[in-house]
Amino acid sequence: MRKLVVFLILLAILLVVVDRVAVVGVQREIARQIEAKYDLAEPPTVRIEGIPFLTQAISGRYEEIAIGMGPMTREGVKLSKIDATLYGVSAPLADLLKNAEKTRIRAERVTGTIVISRETLSARAPHGIRVEGDGGDTLKVSGNLTVLGRTVPVTADMKLEVVQGGVRLTPASVKIAGGISVPSPERLITFTVPVKNLPLNLKITSVKSTPQGLAVEGTATDVPLR
């Protein structure tokens with residue numbers, strides 16, 4: 001009886017070790033394929049959720065995988081990071097072991113958050129305008145505009161709006177120092193930040209202000225990972 005108990009304990013330990021070794025291998029392969037497909041500067045972090053891993057590996061379906069990508073540039077816009085979650089990922093373990101290069105890995109659905117820093121927003125803003133904010137629902141801008149040859153100090157609260165291929169920032173209220181009259185000042189401050197051609201085929205759906213800048217939410221379906 002004692003030998004049986006010892007055997008079962010050793011078997012359980014072995015299964016745990018094999019489980020963890022297998023998950024590391026699959027995570028590494030998924031990271032490699034994503035890095036190659038989207039020409040990333042560095043490998044993404046990959047974490048397969050759910051324990052035990054082997055039951056998912058045997059079925060070739062992973063219900064949830066968390067992906068983290070570092071800084072990158074898309075359409076001339078610097079993105080601080082992308083955090084994504086892949087749902088319903090098909091990646092047969094047997095195929096990965098036999099020929100990882102040709103294994104088709106797909107995700108049924110992807111959600112992600114793209115972070116754009118305030119520095120990047122300021123670089124896209126009209127000349128003389130810098131982006132500020134307190135992490136609330138609106139961003140603030142301040143700076144100087146040149147109107148009719150005069151330098152005019154200005155501040156404004158900016159509304160955020162998802163538009164085709166990007167995010168538009170439009171002033172909700174504009175304050176001009178000295179009470180100088182400027183016709184339609186919002187047209188001088190409105191600007192758009194392109195957010196497209198994102199990894200994992202993400203298409204933006206919403207945007208909000210954060211202490212870091214903007215957090216842009218995106219989704220995608222039926223996404224190939226190689």
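Which residues line the largest pocket? Here is a walk through this predicted model, starting with that one.

## The largest pocket

The lining is made up of Val163, Gln164, Gly165, Gly166, Val195, Lys196, Asn197, Leu198, Leu202, Lys203 and Ile204. Sorted by class, that gives five nonpolar, four polar and two charged residues. If you want a volume to work with, the largest pocket holds about 170 Å³ of space.

Asn201 is worth a look while you're in this part of the chain. Asn201 sits in the loop between β11 (191-194) and β12 (203-210), and its phi is near 60 degrees, a positive value in a residue other than glycine. With a relative accessibility of 35%, Asn201 counts as partly exposed.

## Enclosed space

Rolling a probe the size of a water molecule over the atoms shows where empty space is left. In this model, two cavities come out at 30 Å³ or more, and the largest cavity has about 40 Å³ of space.

Around the largest cavity you'll find Leu40, Ala41, Glu42, Met69, Gly70, Pro71 and Met72. The class breakdown for this lining is five nonpolar, one polar and one charged.

Asp39 is another residue to check if you're going through backbone torsions. Its phi is positive, about 50 degrees, although Asp39 is not a glycine. Asp39 belongs to the loop between α1 (2-37) and β1. Is Asp39 buried or exposed? Asp39 is exposed, because its relative accessible area of 69% is over the 50% cut-off.

Strand β2 (residues 61-69) pairs with strand β1 (residues 45-48) in the antiparallel sense, with four bridges between them.

## The whole protein

Zooming out, the protein has five helices and 13 strands. It runs to 226 residues, of which 43% count as buried.

Among contacts with a separation of 6 or more, 53% are between residues 24 or more positions apart. As for the surface, the protein exposes about 12600 Å², and carbon and sulfur atoms supply 55% of that area.

Terms used. Residues numbered from 1 in each chain as written. Predicted model: local features only at pLDDT ≥ 70, side-chain atom pairs only at ≥ 80, totals over all residues. Heavy atoms only, no water. 1 Å grid on protein atoms, 1.4 Å probe; cavity = no way out; pocket = protein on both sides within 12 Å on 5 of 7 lines; lining within 4 Å. Points joined across faces, edges and corners; volume = space filled by probe spheres on them. Nonpolar A, V, L, I, M, F, W, Y, C, P; charged D, E, K, R; others polar. Pairing = 2+ DSSP bridges. Helix = DSSP H or I, 4+ residues; strand = E, 2+ residues; numbered from the N terminus. Buried < 20%, exposed > 50% of the residue type's maximum accessible area, 1.4 Å probe, protein only. Contact = heavy atoms within 4.5 Å. Areas by Shrake-Rupley, 256 points an atom, 1.4 Å probe, with all protein chains shown as cover.
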